[in-house]
Amino acid sequence: MSIADRAPAHIRAISPYQPGRPIEEVAREQGLSADTIIKLASNENPLGMSEAAREAIFRTVTDSARYPDGNGFALKTALCRRYGVQMENLILGNGSNDLLEIAADAFLTPGAATVYSQYSFAVYALATQAAGATGIVIPAQDYGHNLDAMLAAIDANTRIVFLANPNNPTGTFLHGAALEQFIERVPRDVLVILDEAYTEYLADEQRYDSIGWLSRFPHLLVLRTFSKAYGLAGLRVGYGIGAPDVVDLMNRVRQPFNVSTLALAAAEAALGDEAFLRASAELNRRGMAQYTQAFARLGLRWMPSCGNFLTVEVGDAAAVNAALLRQGVIVRPIANYGLPEWLRISIGTEAENAACIAALERALHR
Ligand SMILES: *Cc1c(COP(=O)(O)O)cnc(C)c1O
């Protein structure tokens, strides 16, 4: 009997998260120079980060010998002003991934259940399994959430319902009114985690006020991140907004210093740079059109997406992906999501998109 054999069965059953391949690793493997590689695999912001965030990082780097403010006072104050919420509604995370795990640690036990959709973000299953709970996976409807079926699956064991809007990796979107009705119907002792990692990319007419719903929905936790539109993926910072009792319990199980000094400073500065967000969303809209026109021309089927990525059906996606890697283009195969014929492509700069489209065309016509 080894130590590994002694690990709980629910931990041994976990299949690890499969991240986008790092640029350096693909460069080494393919014998290419790292600066020729185009990475469109992790939904990162192709514009990088706001200049204000960069300056804040340089200003703060000299404080790195000290622990960060474990309470994140300055960033929370900025978020309170921005969203009209109170300090006690806010929790900061080492990315919103951290907050998904913290919520699972705070509210799940072995025997408890979570409910989430087929093809929704992989971390919902991981956080559930790590807590020894059972994930109830609801078959998707048109690759998105089937809210009626999710509601019907909630029972006395359910502690958390996970929703991603827009969803990753499919890009599907639920309208605010449908979401609001859903949350209204969920029992008040079940936490609804509304993961809005891509909300900054929504068109004006798609926007809805989930944070405003908190006054009526004490069982709602809204998660946002600085990793995507704000361009701070490498720093790891996200936030949750929820009822004070939910946030209080989560704060008890998080690491005391879970967000670094640089991340706190950069996020605070990034939050104020509306122009950068607008430019990022606009670049994304143009890139989305660039891809959908190319897919139509190539006769490829894609999932209409509201995020900063697109999922496209290419047949033998593993082979197409290998051919893209040989050309120095990293995208994301999503066989692990049960979509072995599809690739998820993050939207890059116009030049990156053009290079990716050309490489895809060569990969398909080999
Ligand atoms: C990227 C992503 C996250 C997590 O991002 P962090 O970098 O941990 O903040 C959460 N949810 C969804 C749906 C995502 O795509």
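In these legends, a contact means heavy atoms within 4.5 Å of each other.

The model shown here is predicted: local features need pLDDT of at least 70, side-chain atom pairs count only at pLDDT 80 or more, and totals for chains, interfaces and linings use all residues. Residues are numbered from 1 along each chain as its sequence is written, and side-chain values use heavy atoms, with hydrogens and water left out.

View 1. Let us start with F182, which touches L147, M150, L151, V161 and L163, leaving aside residues up to four places away in sequence. A nonpolar core is a set of buried Ala, Val, Leu, Ile, Met, Phe, Trp, Tyr and Cys residues joined through side-chain atoms within 4.5 Å. Buried means under 20% relative accessible area, exposed means over 50%, and partly exposed lies in between (1.4 Å probe, protein chains only). The largest core has 56 residues, and L163, F182, L220 and F226 touch the most other members. Helix α11 (residues 261-271) contributes the most to this core, with seven residues. Because domain 1 (17-48 + 275-365) and domain 2 (51-272) both give residues to the core, it lies between them. The domain bounds come from an automatic or database domain assignment. Helices (H or I, at least four residues) and strands (E, at least two) are DSSP runs, numbered from the N terminus. Apart from this core lies another one, of 32 residues, including I102, A131, V246 and V247.

View 2. A salt bridge is a side-chain nitrogen of Lys or Arg within 4 Å of a carboxyl oxygen of Asp or Glu. The whole structure holds 16 salt bridges. In one of them, the side chains of R224 and E196 meet at 2.7 Å, N to O. R224 sits in strand β7 (residues 220-225) and E196 in the loop between β6 (191-195) and β7, so this pair ties together parts that are 28 residues apart in sequence. Both R224 and E196 are buried.
Now look at R188 and E184, whose closest N and O atoms are 3.2 Å apart in their salt bridge. R188 is partly exposed, at 41% relative accessibility, and E184 is partly exposed too, at 39%.

View 3. The side chains of R285 and E282 form a salt bridge (3.3 Å, N to O). These two residues are three apart in helix α12 (residues 274-298), which separates them by about one helical turn. An α-helix has 3.6 residues a turn, so residues three or four places apart point the same way. R285 has a relative accessible area of 43% and is partly exposed; E282, at 34%, is partly exposed as well. Elsewhere, salt bridges that share partners link E180, E184, R188 and R216 into one network.

**View 4. An open sheet of four strands.** The strand order here is β9-β10-β13-β12, with antiparallel pairing. Two strands pair if DSSP finds at least two bridges between them. At the edges are β9 (301-303) and β12 (332-334), each pairing on one side only. From one strand to the next, the twist averages 35 degrees. Axes are lines fitted to C-alpha atoms, for helices over the stretch in contact, and angles run from 0 to 180 degrees between N-to-C directions. Strands β10 (residues 309-313) and β13 (residues 339-346) run antiparallel and are joined by five bridges; T311 stands opposite R344 in β13. Helix α12 packs on the sheet, touching β9, β10 and β13, and its direction makes about 10 degrees with that of β10.

**View 5. Helix α13 across the sheet.** Helix α13 (residues 317-326) lies across β12 and β13, at about 35 degrees to β13. Its buried residues are A317, V320, N321, A323, L324 and L325. They pack against α3 (23-30), β11 (329-330), β12, β13 and α14 (350-364). After α13 comes G328, with a positive phi near 80 degrees.

**View 6. Strand β8, covered on both faces.** In strand β8 (residues 238-242), five of its five residues are buried. G238, G240 and G242 are on one side, with Y239 and I241 on the other. In a regular strand the side chains alternate between the two faces of the sheet. Strand β2 (residues 90-93) pairs with β8 in the antiparallel sense over four bridges, and L90 has I241 as its bridge partner in β8. Strand β7 also runs antiparallel to β8, joined by five bridges, with L221 opposite G242.
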